[in-house]
Each structure stands twice: as structure tokens, then as C-alpha cells.
Amino acid sequence: MLSKRIFSSLILIIVAVLSIKISWLLALTATSLIIGAMFEFFDMVEKKGIYVYKYFGIAVGAIIPLSIYFKFELTKGWELLFVVVLLVTMFLLQFRRRDNTGAVAGISTTLFGILYISWFFSFVVKIRHLQYGSSILACLILITKSGDIGAYLVGTKWGRHALIPRISPKKSIEGTLGGFIFSILAGLASKVFLPFFSYLHLAGLGCFLGIIGQFGDLSESLIKRDCQVKDAGNIFPGLGGVLDIIDSLLFTAPALYFYMSIVLK
């Protein structure tokens, strides 16, 4: 299992480094990960007996990061227009069904999947468009994934006290603290990418993203727990599915984008 985990991690690191450097590759990678994660999410939900508009949702999910990359804006506030059009379309699709059972659950779950996975993860593309975008993106990935790694290593070695057993029996308080410390250390190491930030500022950023990243990880665990699955998928040997890989980034990417949008003004 360890060798598989290391191999998958090396592949992901290579893809991440190349994507940070090449903007079009980032858009392609983000879109691919979103499609994979949405497939996994909708598959989990369908096993619960909820009818979702899987392929429509995935198609919309793929459009979001690409529209950001190509800087498509139909109107100034196109995001609001997008949400309205999306909701209306969902109702039109429901009107075509002969069975009204579970209509609210199906529409709500499909919309949730689009927003939770595609909209949130697309902020990695938005970050790349910021001033110093590639450096900020490198900082995001370093801090977030260091927190994941720290939580796994410390939790595996010294984890004794369950954090929230009803959501994730294997997550421990010790692992959470370990991940938090790793995120702060990664924040300090991000001085390489963001030399104009002080060490105190970077430590605070590591603390901030460390907390949010673990919240994102717990949120995915809640979804898996509800759907009664251990991993969202198995596309990455030793690591699980796509959603298992990006769960913490789903929360840290939007948070860092809005933070940097304010700081860099």
C-alpha cells in the first residue's frame, strides 16, 4: 500500500508542477479532475437511490473551469446569470420526466455537485490569473497537501483519540494537530514562492489554510459516510479517488483566492 501511495503521489506531484507552470495545462488538468470527481460523487449519490442528472451536471461542471480560463463573461455578473439559467434548465429537465418522485432531492443534489466540486475547484484557475498567480497556486498546493500528509503520517503513527468518529472513525485529534503543524511549516516554506510576504504572514496563512483544508477533508468524509463508502473511487492506487485527492483544495482554493484578491489590491 505504501509503495502504491508513493507512486501515485509522485505522478500527482509531476502533474501539479507542470500545471502550475503551464496555464493551459492547468485548465485541462482542473477540468479532468472535476469530471472525475463529479462522476464519483454522482455514483455515490445514485447508490443511495437518488436520481440525479449526472451527465448534464458533469457537462456543466466541465464548462465552468474552461469558461474561466478563456475569460468568458456574457454579462458583468455572469455567475448570477449562470446560476439562474442552470436552475431553470434543471426544472425543464425534470418536467420531461414521467416520475415526479424525488424531484427536489434530484435537482438539489445535482446543483450541489456542480457547486461543491466544479465551482469550488475552478478557483485554482482563477488563482492562476491573479498577479503572481503561479506562485500563489504553488503556495496553495504546498500548504494544503502538506496538511493532508501531516495528518496522515501523525495520525497513523500516534493517533489515539478519535476526532469525530460518527463522521470519520480513523481521523484522530493527534492527526489533526499534526496536519495543522505541517500546514504552518509549509506556509513558512512558501517564502520561496512569495518572498514579499513576511514569515509571520506566511505562518498565519498556513494556519488559516490548514484549518480550512481539514474542514474540507471532513466535509468529504461526511458525504462518504452518508453514502456508506470508504473511498470515493480507486483511480489513484493507495490514495483513493479523485474526490479524495482534491477534497481539501475544494475549500482552500476559494478561501485563498478571495484573501489574495484583497491583499494584492
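The model is predicted, so local features need pLDDT of at least 70 and side-chain atom pairs count only at pLDDT 80 or more, while totals for chains, interfaces and linings use all residues. Residues are numbered from 1 along each chain as its sequence is written, and side-chain values use heavy atoms, with hydrogens and water left out.

In soluble globular proteins, nonpolar side chains tend to be buried together. The largest nonpolar core here has 63 residues. Such a core is a set of buried Ala, Val, Leu, Ile, Met, Phe, Trp, Tyr and Cys residues joined through side-chain atoms within 4.5 Å; buried means under 20% relative accessible area, exposed over 50%, and partly exposed in between (1.4 Å probe, protein chains only). Phe121, Val124 and Leu243 have the most contacts inside this core. Helix α2, residues 23-47, gives the most to the core, with ten residues. Helices are DSSP runs of H or I with at least four residues, numbered from the N terminus. Beyond its neighbours within four places in sequence, Leu243 is in contact (heavy atoms within 4.5 Å) with residues including Ala37, Phe41, Met44 and Tyr116.

Phe91 lies in helix α4, residues 78-96, and is partly exposed, because its relative accessible area is 40%.

Thr144 belongs to helix α7, residues 133-158. Thr144 counts as buried because its relative accessibility is 4%. Its side chain makes a polar contact with the side chain of Thr252 at 3.1 Å. A polar contact is a pair of N or O atoms within 3.5 Å; within protein, one must be able to donate a hydrogen and the other to accept it, and residues adjacent in sequence count only if both atoms are side-chain atoms.

Notes. Helix = DSSP H or I, 4+ residues; strand = E, 2+ residues; numbered from the N terminus.
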